[in-house]
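Here's a quick briefing for anyone opening this structure for the first time. Take a look at it, then read on.

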Amino acid sequence: MENMKMTSTERVMTTLGRKEPDRVPLALTVTMHGAKEVGLSLSEYFDKPENVVEGQLRMREKYFNDILMSFFYGAIDYEAFGGEVAFFDDGPPNSMDPIIKKHEQILHLEPPRIEESPCLMKILRATEMLKERAGNDAPVVGVVISPFSLPIMQMGYDKYLDLIFDRFDLFERLMAVNSVFCIDWANAQYKAGASIIVYFDPVSSTTNTTRDLYLKTGFKVASDVISRLDGPTATHMASGRCIPIIDDIAQTGTAGIGVSALEDLGEIKEICRGRINILGNLNGIEMCRWTAVDAEKAVKDALAKAGKGGGYLLSDNHGEIPFQVSDKTLHAISEAVRKWGNYPLDWVEEYEV
Amino acid sequence: MNENESMIVDLTLSLLALDDLAVGSIIDEIASEMTPLETAEYAIVPALERIGEGWVQGTVALSQVYMSGRICEELVDEILPPSDPDRKDQPRIAIATLEDYHVLGKRIVYATVRASGFELNDFGHGVKAEELVDKTRAEKVEVLLISTLMLRSALRIKDVSRELKGDDHAPKIIVGGAPFLFDAELWREVGADMMCRSASEVIEAIERVTES
């Protein structure tokens, strides 16, 4: 590793305390690229925790990443409920058919037990191993899908919206079941060594839900769940917009927000400054065709808009960098943040985005 | 603001508020003076277009788009049922979610297209490229709407477009879904004929194909 003044943990924690560390932390969400490093297909890679651990450690080494992710793929919470997951050679594993096909099933739905879910136990083992290997040098970042967003996979988004509008009673029951699971699952990850949990909540974003509806639903769920967690969280909108609800998200008790490429990072920084941290917002889809010059420009623009004053981690906007993004581009992003991300970021004064 | 414009504004606001009673009342009043097809074309479609524009601008949420489409599809099915000869079955349109199991985008487009008076074939979700090509040829589809949520699924559209472009009566391929909203060039890369950012843009696109 490059000789740096702070460890990654010190860098990230100083940032989350909304102070300026030595440089802006790099939170590259390279959840799949480790498979290429260790020479495995994605299905082989995710089959054993030691594969993911090795992949994450190599990603950190290769790109000077300031985080280690114990996250495997987004469909794992749905898998724990009994869902079937499809694996691919060129993208993240996907949820298949909904497990809730009729509303009445919700009346009998029970949260899965962590210790009886092989897929979840793999993540816990990966978390433990990452913590053992990294010690206090780098934070281990776990993920939970919010109770409010998980039903997209549990029942299909269209049927979920029908449920919210037609059977709010059953929606509330589903939230109760999902919340019990989410709290247990997050706390199990903290116990295994996760330093922070990303609370994935795209359905709460204003891309998907009006603020009025969010305040009656996702906001209440997030406030309840986050208050019962044994460690800090960052709420991720997974590419969804959030400017109209930043104040509300801050009130849920979360420490940070993962923000969208569709919104201006500068505007988000002004609203968040001094109150809540920001992760984002590099466009992972466009990233697939970036040159090194494009990557450096994107990083500089983001640093200029959000870096000053701390409280900002450079990341992509979705929380999972596409498998199609080249190593060359990832190197370019890493180099750019090490070149331009050193505080006090004086160059920003003269820079035009 | 003239009376027609005022009516569209009222309809749009009622849809956004998910007030199906108010929507029903407005549609009843319009339908008393227009044919069912005119009601769809001059009232419902413009309202859905405004909602679609709001979605693109970020001022309207997907839940509102979905519920508006659902309300309109149900209402139009009452005044212009599937068997009605005024229903537009030309061009021959089909829709599919390629590879993905995420069907919301397809549902919204399906409802909006039907609410505009068109009929279309639903080829389902989780459809593989080869199967989609076969179905498109078998049904002599002229406009193929492909929805995807995942980037890897969007990239598979190349396999569909490459196969179909060589056909004598190759369909127009119109794509949509999240990956296309984040990369304005992606639709070209996958060999589509056009990309639509919202369900209401699909109506415009179908009408352009019909006129050409």
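Let's start with one pair in chain A: Arg58(A) and Glu54(A) sit four residues apart in helix α4 (residues 49–63), which puts about one helical turn between them. (Helices here are DSSP runs of H or I with at least four residues, strands are runs of E with at least two, and both are numbered from the N terminus.) Their side chains meet in a salt bridge, 3.0 Å from N to O, where a salt bridge is a side-chain nitrogen of Lys or Arg within 4 Å of a carboxyl oxygen of Asp or Glu.

Keep in mind that this is a predicted model, in which local features need pLDDT of at least 70, side-chain atom pairs count only at pLDDT 80 or more, and totals for chains, interfaces and linings use all residues. Residues are numbered from 1 along each chain as its sequence is written, chains are lettered from A and ligands numbered from 1 in the order in which they are written, and side-chain values use heavy atoms, with hydrogens and water left out.

**How confident is the model?**
- The scores are ipTM 0.93 and pTM 0.95.
- Chain B has a mean pLDDT of 92, and 99% of its residues reach 70 or more; pLDDT is the predictor's confidence in each residue, from 0 to 100.

**Salt bridges within the chains**
- Counting over all chains gives 48 salt bridges.
- Back to that opening pair: Arg58(A) is partly exposed at 34% relative accessible area, and Glu54(A) is partly exposed too, at 27%. (Buried means under 20% relative accessible area, exposed means over 50%, and partly exposed is in between, using a 1.4 Å probe and protein chains only.)
- Why does spacing matter in a helix? An α-helix has 3.6 residues a turn, so residues three or four places apart point the same way.
- Chain A also has a salt bridge between Arg125(A) and Glu132(A), with 3.9 Å between the closest N and O atoms. Arg125(A) is partly exposed at 35%, while Glu132(A) is exposed at 58%.
- Over in chain B, Arg162(B) pairs with Asp159(B) in a salt bridge, their closest N and O atoms being 2.9 Å apart. These two are three residues apart in helix α7 (residues 151–165) of chain B, or about one helical turn. Arg162(B) is exposed at 57%, and Asp159(B) is partly exposed at 26%.
- There's a network as well: salt bridges with shared partners link Asp90(A), Glu99(B), Lys128(B), Arg152(B) and Arg156(B).

**Where chain B meets chain A**
- Chain B puts 32 residues into the contact and chain A puts in 35; contact means heavy atoms within 4.5 Å.
- About 2600 Å² is buried between the two chains, with carbon and sulfur atoms giving 60% of that. (Buried area is the accessible area, with a 1.4 Å probe, that two parts lose on being put together, summed over both.)
- On the chain B side, Tyr101(B), Arg152(B) and Phe182(B) lose the most area to chain A, together 28% of what that side buries.
- How many salt bridges are there between chain B and chain A? The count is six. Asp183(B) and Arg289(A) form a salt bridge too, with their closest N and O atoms 2.6 Å apart.
- Of the helices in chain B, α4(B) gives the most to the side touching chain A, with six residues.
- That side of chain B divides into 18 nonpolar, six polar and eight charged residues. (Ala, Val, Leu, Ile, Met, Phe, Trp, Tyr, Cys and Pro count as nonpolar, Asp, Glu, Lys and Arg as charged, and the others, Gly among them, as polar.)

**Tucked-away spots**
- Helix α8 (residues 157–166) of chain A has seven of its ten residues buried, so it is largely enclosed by the rest of the structure. Among those buried are Tyr157(A), Asp158(A) and Ile164(A).
- The cover over the buried residues of α8(A) includes α7 (151–155), α9 (168–192) and α10 (211–216) of chain A, plus α4 and α5 of chain B.
- Ala302(A) lies in helix α15 (residues 292–306) of chain A and is buried at 3%. Beyond its neighbours within four places in sequence, Ala302(A) is in contact with residues including Leu265(A) and Tyr312(A).
- Ser198(B) sits in the loop between β5 (194–195) and α10 (199–211) of chain B, buried at 7%.
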